[in-house]
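Visitor: I am new to this structure and would like a close look at one part of it. Could you take me to a pair of charged side chains and then show me what surrounds the picture?

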Amino acid sequence: MNFPFQLMTMSISGLLENTLSPIQNVREEAVAQLDAFSKDNFTHYMGLLCQELSSTQNGSHIRSSAGLMMKNAVTAKDFERQEELSQRWLHVDPQAREQIKQAVLQALRANESSTGKVAGQVIAAIANVELPQGQWQDLIPSLLPKLGGTESETTKKSTLQAIGFICETLDPNILETHSSAILTAVAEGARKEQPNNEVRLAAMQALYNSLEFIRGNFDREAERNYVMQIVCESTQCEHTDVQVVAFECLVKIMTLYYEKMGFYMEKALYGLTLLGMRHVNEKVVLQAIEFWSTVFELEADIIYESESIGEAPQVFHNFSAISLKEIAPILLFLMTKKEEDDDEDEWNVSMAAATCLQLLSSATRSAIVAHVLPFVEEHIKNPDWRFREASVMAFGSILEGPEPKDVSPLVSLALPTLIQLMNDPVIHIKDTAAWTLGRICELVMDTLTEQELQSIIQAVTLGLNDSPRVASNCAWCIINLSEHPGAADQSSSLLDKYFQGMLMALTQAAEKPGQDTNFRAAAYEAISTLVANSSNATMPIVSNLVSSLLDSLNATIAQAEQMVGADEKRAHYDHQANLCSVLTSIVRRLGQHVRPIADNIMQVLLHVISHASKNSTVMEDAFLAIGALTTACEGDFARYMEAFMPFLLSALENFEEHQMCVIAIGLVGDICRALNEQVVVYYDHFIQRIAHLLENPTVHRSIKPTCLSCVGDLALASGGHFERFVQPFMTVIATLTQSVNAIPLSTTEKYDYVCQMREGIAEAYVGMAQGLKSAEKGNLLLPYTQSIFHFIQSAAEDSERPEFVTRSLIGLLGDLADTFPPGILKPSFGMPWIEKLLKEAKHDRNASPQTKEIIKWAKEMIRRQVM
């Protein structure tokens, strides 16, 4: 192979070998040298890697390492980084790119499967960059010959893997023109006549990844029948891995093409999946259960949507009700497949079956009770703990779906036994009993008598001292109890007489030395929820909690110096973060009543921030607590600004820690709303840093939408003081609008970002309009109104936009109409697209009350403008 640059005089195989070294400094030095090569001459760097991937003299580990580095040089998870890498690759000389691509395609013929696989990953990575640009159009045609009869089985497998990677990576719309060719290729490899199971497995995996973009083929009955035949036959393959992927295909097919599945369910899928659920291999069983979970979830959603809009669904097969009699016993049996040493965090057959039963309950409503209750009654006192635990889990699983009136009598009958099982010698039983009590409080609390409520509270309060698994479910039960009444605006609550006892029990359990980290977090979450939903009658108890909480925070600061091990430090800072989270809930609940102790709170929070570790979330939680304090103190918060500003500005500048930076930006908005025009003192500090973040192309995608919203907050708070920043920010926003409109919506991640940016831009414009209007300077926006209307129109043309974007756009239209005297913008508001946007939004049956209210207000503002 002859590259248009000198490669053969140099080899980097030694460096690639060193990147795999177990010695850290050797590994890091090799990575640093390769990184330097990539920055110094990217084309040369890719050529060197391609040379090592292609060389048959290298070991497979060297070739795989070279391929992975090639892949990582053109692909990234973060789409902004991806855009940067894409542009770097596209700027490589076209001739060099072509030769590299041909060499990688040739590497699919490597004798080692690992090399062929990584070559496929490189091909998919490059395709993800070039195909959306209309380049490398001969890629799929160039892959298909490698599946011919003269090629080795290894080459066929690698080629099918490459096709699978391409299908997995690219937007389905881009590959749609190649769908028939791809389907033909993978179907040929997946047929039961295929003698090599490795090839068949690769073909099935490729088929799985192609299912989304072969919709056109699936619309044609003959082609659909062929695909379904191949998949169904593969569920019976003697190779278990092929079976697993075949069932995965069935799950995805049901998700994508439910409306076409009636015939196939009757003829094959029903029987095949029931057999799958009885298979000896757990992986097959899990996928067969997942198939039915998908069916039940789809049909539960169809029923819910149909009831919401008051119309019968267009397609509803009612597989759930039809299968109930046979599926329920199988699921109940599978729920008994547990062992005492099962890892609670590892997904297994018992967990999958329980989840499936919950979904079946949601889809079949009260009909399920008769099919599950006999099992519960028979086994709830079974000497075999597995059946005892499954019966409790089954009872908890069918609480959601049936009418409360149908399960309420059953809860009353079962409750004494459930309370008793909280003392069972088997931890699995206690854990599931606590979970079931939590489900009762979540779903049917309204039906409980006072005595039943008291018995549950006593049981879970005692359970907080049990093992971490049981205690965590008890904390979750308390969360459900406290959330249900929604007593935050009420003078009293059902929980008032238990409030202090639950609070003390949670606090004592959480503060126990050496407490399990996960349970401690659950306990503090329960405390936060109790506080957030407390009634006015318990406000004195909440107020008294502040001093002990501040003492605990101060104690953790003093203890920090004594921490030695990494795990000990991590647990310590998690504890601090939990305490800050509880403090946030208290401040929000007390509101203005917190002002007398605000000085103490702020002093402790500043102390926490100044001692916080960079590797913990303490700073984030402390900033959130300060945000709550700004809302409570309003203008009085100004007295803390001098001490807090250095920390806030530092967080705004440290955009590499994007989560912390986003919280800091949000806090600037909180400060604006609290201080109003007093914020002008700090204006230049905030404006400078927000503008820098908006203009920085390397910041994380979550930062800019938040910054734009913050611009609106700054403009609204300061009114006329924003005058000198109108022109600079309008220029920045216009540039951002152009870049957003140019983003190819090839992934969900990119589309979500575009929607967030559009919402942020709208909020920036709204803040400017309202702020300048309040200072009688709204005319400053007049030169920019056409740009604003153009932004709204381009965003409105997206028919798939989420409701929050529609609400933002219509709200902005209303504010524009309200900012200027009647008739000034009459021609603009008379454009047909505005009437269309308003009409579509008005007739959206799923629109929230908030959106409907904004539509009504905006229409009135626009009417005044055009009358």
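**A salt bridge and its surroundings**

Guide: Let us start with R365 and E307, whose side chains meet in a salt bridge at 3.2 Å, N to O. A salt bridge here is a side-chain nitrogen of Lys or Arg within 4 Å of a carboxyl oxygen of Asp or Glu. This is a predicted model, in which local features need pLDDT of at least 70 and side-chain atom pairs count only at pLDDT 80 or more, while totals for chains, interfaces and linings use all residues. Residues are numbered from 1 along each chain as its sequence is written, and side-chain values use heavy atoms, with hydrogens and water left out.

The pair links distant parts of the chain: R365 sits in the loop between helix 19 (349-364) and helix 20 (369-379), and E307 is in helix 17, 58 residues apart. Helices are DSSP runs (H or I, at least four residues), numbered from the N terminus. R365 counts as partly exposed because its relative accessibility is 26%; buried means under 20% relative accessible area, exposed over 50%, and partly exposed in between (1.4 Å probe, protein chains only).

Helix 17 covers residues 282-309, and S306 lies in it too. S306 has 16% relative accessibility, so it counts as buried. Leaving aside neighbours within four places in sequence, S306 is in contact with E311, A312 and P313, where contact means heavy atoms within 4.5 Å.

By the salt-bridge rule, the count comes to 40. Another of these joins the side chains of R689 and E653, at 2.8 Å, N to O. This pair also links distant parts of the chain, with R689 in helix 34 (residues 683-695) and E653 in helix 32 (residues 641-653), 36 residues apart. R689 is buried, with a relative accessible area of 16%, whereas E653 is partly exposed at 45% relative accessibility.

A further salt bridge brings together the side chains of E860 and R863, at 2.6 Å, N to O. Both lie in helix 42 (residues 849-866), 3 residues apart, about one turn of the helix. An α-helix has 3.6 residues a turn, so residues three or four places apart point the same way. E860 is partly exposed, with a relative accessible area of 27%, and R863 is partly exposed at 42%. Salt bridges that share partners also join R97, E98, K101 and E130 into one network.

Now for the nonpolar side. The largest nonpolar core has 311 residues, and those with the most contacts inside it are L437, L648 and F686. Helix 37 gives the most to this core, with 13 residues. Such a core is a set of buried Ala, Val, Leu, Ile, Met, Phe, Trp, Tyr and Cys residues joined through side-chain atoms within 4.5 Å. Not counting residues up to four places away in sequence, L648 touches F623, A664, L667, V668, I671 and F686.

Helix 37 itself has 27 residues (748-774); at 1.5 Å a residue they should span 39 Å, and the end C-alpha atoms are 39 Å apart, which agrees. The expected span is 1.5 Å times one less than the number of residues. After helix 37 comes E776, whose phi is positive, near 60°.

Last, helix 26 has buried residues including Y498, F499, M502 and L506. The buried residues of helix 26 pack against helix 24 (450-463), helix 25 (468-483), helix 27 (517-532) and helix 28 (539-559).

How values were computed
Helices (H or I, at least four residues) and strands (E, at least two) are DSSP runs, numbered from the N terminus.
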